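Open the model in your viewer and keep the selection tool ready. We will go from one stop to the next.

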Amino acid sequence: MTSIASPMALPSYAAIREVGPRDGLQNESVVLTTAEKLELIAALRDAGLRQIEVGAFVRPQQVPQMANTAEVFAQLPRPPEVMYCAIAPNLVGAQRAVASRVDLVQVFLSATESHNQSNVNMGVAQSLDQVAEMSLLVRQAGIAFDAVLSVAFGCPFEGHVRVERVLDLCGQLLDLGVGEVTLGDTTGMAHPLLVQQIVLAFRERFPRQSLRLHLHSARGAGLANVLAALQLGITTFDSSIGGIGGCPFAPGAPGNLCTEDLTHMLHELGVTTGLDLPALMRAARLLECLLGHEVPGQTIKAGICKHLTG
């Protein structure tokens with residue numbers, strides 16, 4: 001009889017940050033009203049999510065789906081256990097975020113010049129100059145300040161991104177006062193071996209620094225990449241309800257990791273999340289109603305495995 005290998009050593013818990021209200025909705029043709037966004041965020045909060053990316057302080061003519069971000073923040077209930085995050089690409093965005101009493105401001109820049117120009121209309125060096133000013137402003141306001149490094153696993157314009165380039169930019173961001181770095185697989189170019197290579201290199205360079213991953217499923221490898229990261233002890237991930245969203249400024253960028261699919265897999269693996277999977281399914285169905293179309297997630301179509309509901 002063939003023996004089965006012992007289970008992999010995995011973390012007992014993983015934390016999910018929900019990015020659907022920002023990274024998800026920014027790629028939709030439907031622009032949700034403030035009331036509709038508040039309804040969606042309430043459903044996500046009721047499912048147990050404790051970090052929710054509410055919106056982005058960007059130019060409304062570039063991303064009209066985010067035009068009402070300040071209004072959403074103004075009307076959000078503020079339970080102490082929930083952290084509401086927002087993206088800000090520059091100093092003006094950070095000023096608006098601080099005025100809106102955001103709990104966590106995330107600056108984003110890219111690992112390549114081409115994507116940074118496409119995404120925020122400036123070079124990487126210019127973005128880093130902005131980060132220095134933003135860091136001072138945000139931290140003086142007593143607000144947490146993190147960074148997202150986009151296309152860290154490959155760029156749709158420049159292709160392969162050197163690991164050393166990713167690490168050097170992470171080092172510069174940390175030196176500027178960023179609390180945590182998130183590495184983004186913006187167009188789904190990562191694969192499990194590459195994820196482990198970059199995670200191990202990051203750990204070697206920054207052994208005491210936490211790391212978050214923002215993985216996409218554009219080419220179907222999203223959950224496999226999560227498993228590869230879990231095997232190395234990474235326990236914080238971004239995902240989007242229903243699997244909606246992506247980057248509107250890069251080709252081939254749909255396919256956000258789906259929150260309910262990710263949660264289902266983690267619970268199957270015995271990794272707890274603190275999330276209510278049936279409530280996540282209700283949030284995904286609400287999202288379908290608000291958008292007027294099906295979401296790309298798979299669990300909402302196949303259903304929750306019975307042994308997870310019983």
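Start with phenylalanine 73, which is buried at a relative accessible area of 1%. This is a predicted model, so the stops below describe a prediction.

Show both side chains. There are 2 aromatic pairs to find in this model. The ring centres of phenylalanine 57 and phenylalanine 73 lie 6.0 Å apart, with the planes at 25°, so this pair is stacked. The cut-off for stacked is planes under 30 degrees apart.

Phenylalanine 57 sits in the loop between strand S2 (51-56) and helix H3 (69-75), while phenylalanine 73 is in helix H3, so the pair ties together parts 16 residues apart in sequence.

Next, select phenylalanine 202 and phenylalanine 206. They form a tilted aromatic pair, with 5.0 Å centre to centre and 55° between the planes. Phenylalanine 202 and phenylalanine 206 are both buried.

Move to helix H7, residues 163-175. H7 has 13 residues and reaches 18 Å from its first C-alpha to its last, close to the 18 Å expected.

Which residues of H7 are buried? Select Val163, Val166, Leu167, Leu169, Cys170, Gly171, Leu173 and Leu174. Then show what the buried residues of H7 pack against: strands S4 (104-110), S5 (144-150) and S6 (181-184), plus helices H6 (124-140) and H8 (192-205).

Glycine 177 takes a positive phi of about 105°.

Definitions and conventions: Residues are numbered from 1 along each chain as its sequence is written. This is a predicted model: local features need pLDDT of at least 70, side-chain atom pairs count only at pLDDT 80 or more; totals for chains, interfaces and linings use all residues. Side-chain values use heavy atoms; hydrogens and water are left out. Helices (H or I, at least four residues) and strands (E, at least two) are DSSP runs, numbered from the N terminus. The expected span of a helix is 1.5 Å times one less than its number of residues. Buried means under 20% relative accessible area, exposed over 50%, partly exposed in between (1.4 Å probe, protein chains only). Contact means heavy atoms within 4.5 Å. Rings of Phe, Tyr and Trp (its six-membered ring) pair if their centres lie within 6.5 Å; planes under 30 degrees apart count as stacked, over 60 as edge-to-face and the rest as tilted.
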